Amino acid sequence: MGLQGVKAVFFDLDNTLVDTAAAGRRAIEEVRACPACVVSALQAKHHCGEGEARAICDRVRAKLLRECHDPATTCITELRISHWEEAIQETLGGQANRSLAAECYFLWKTTRLRHLTLAEDTRGMLTELRKAVRLLLLTNGDRQTQREKIEACACQPYFDAIVVGGEQKEEKPAPSIFHHCCDLLGVQPAECIMVGDSLDTDIQGGLNAGLKATVWLNKTMTTPLDTAPVPHYVISSVLDLPALLQKMDNKINTNLETSHTPSWTETRS
């Protein structure tokens with residue numbers, strides 16, 4: 001696959017290449033289904049039964065669904081330990097126990113990392129795509145958290161570079177982080193495409209940085225708000241990307257052929 005005018009593709013990680021949300025749900029369900037895991041952590045300080053352990057997990061799951069995290073002001077680890085701390089207090093009462101909440105959190109976190117995988121068909125897509133363009137992974141988030149995810153899903157071999165927002169001065173959607181990615185690959189913004197599931201960070205960021213195109217991964221094909229950033233393209237699966245890129249390439253080639261077709265007056269002269 002040769003792509004006219006495209007030298008690099010930037011991919012988001014969470015819920016684009018790997019289903020982080022599903023891994024989190026599976027982890028909480030797994031911990032909930034094995035309440036003895038949580039009970040053993042709680043038993044030292046509370047007389048906690050299986051029903052109460054499940055209730056704690058249910059409360060944490062609800063907090064994760066409502067979670068609003070600003071990495072500039074809040075550490076994700078501290079925030080999620082707080083989820084467990086609050087859930088334990090709300091279920092069992094008594095005084096807060098930060099160390100106990102941390103133990104429960106790391107149990108859930110370890111379980112989630114086990115479920116973070118880069119699907120075989122996604123690996124194949126990246127391998128083939130990399131034969132034509134350079135690939136870069138661009139993910140927002142806390143340095144340690146994102147690096148652990150990257151390690152867990154073993155995606156490093158598929159990319160020419162990996163950039164974690166928490167390691168930079170600014171994260172998506174700031175233009176600076178996109179321009180940093182361009183510098184790493186030795187390309188211009190107008191030669192790059194951003195692929196991600198977030199309109200606010202991936203798409204808005206790509207637009208801010210002046211990239212050639214932005215591709216929104218909309219798995220549920222939901223209708224965005226009128227005020228949302230408008231992507232250049234929309235796909236429902238990341239596996240649809242090669243076909244989209246080929247269509248883009250065909251369109252560019254057609255335009256080039258049209259622009260080089262001599263006019264009647266030119267052929268007469």
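**Where the labels come from**

Guide: Start with the lining of the largest pocket, which by class has ten nonpolar, 14 polar and 16 charged residues. Here Ala, Val, Leu, Ile, Met, Phe, Trp, Tyr, Cys and Pro count as nonpolar, Asp, Glu, Lys and Arg as charged, and the others, Gly among them, as polar. This is a predicted model, where local features need pLDDT of at least 70, side-chain atom pairs count only at pLDDT 80 or more, and totals for chains, interfaces and linings use all residues. Residues are numbered from 1 along each chain as its sequence is written, and side-chain values use heavy atoms, with hydrogens and water left out.

Visitor: What makes a space a pocket?

Guide: On a 1 Å grid over the protein atoms alone, a pocket is an open set of points with protein on both sides within 12 Å along at least five of seven lines, while lining residues have an atom within 4 Å of a point. The largest pocket holds about 1200 Å³ of space. Of its 40 lining residues, the closest to the centre are Asp-14, Asn-15, Glu-67, Arg-80 and Asp-197. Helix H1 gives the most to the lining, five residues.

Visitor: Why are H1 and H3 called roughly antiparallel?

Guide: The axes of H1 (residues 20-33) and H3 (residues 50-66) come within 9 Å and cross at roughly 170 degrees. Angles over 145 degrees count as roughly antiparallel, so H1 and H3 are roughly antiparallel to each other. Their contact (heavy atoms within 4.5 Å) includes Ile-28 and Glu-29 of H1 and Arg-54 and Cys-57 of H3. The residues of that contact divide into five nonpolar, no polar and five charged.

Visitor: What makes Lys-7 and Glu-191 a salt bridge?

Guide: The rule asks for a side-chain nitrogen of Lys or Arg within 4 Å of a carboxyl oxygen of Asp or Glu. Lys-7 and Glu-191 meet at 3.3 Å, N to O, so the pair qualifies under that rule. The two residues are 184 residues apart, with Lys-7 in the segment before strand E1 and Glu-191 in the loop between helix H8 and strand E4. By this rule the count comes to 19 salt bridges.

Technical notes: Axes fitted to C-alpha atoms, helices over the stretch in contact; angles between N-to-C directions. Helix = DSSP H or I, 4+ residues; strand = E, 2+ residues; numbered from the N terminus. Parallel < 35°, antiparallel > 145°, perpendicular 65-115°, else oblique. 1 Å grid on protein atoms, 1.4 Å probe; cavity = no way out; pocket = protein on both sides within 12 Å on 5 of 7 lines; lining within 4 Å. Points joined across faces, edges and corners; volume = space filled by probe spheres on them.
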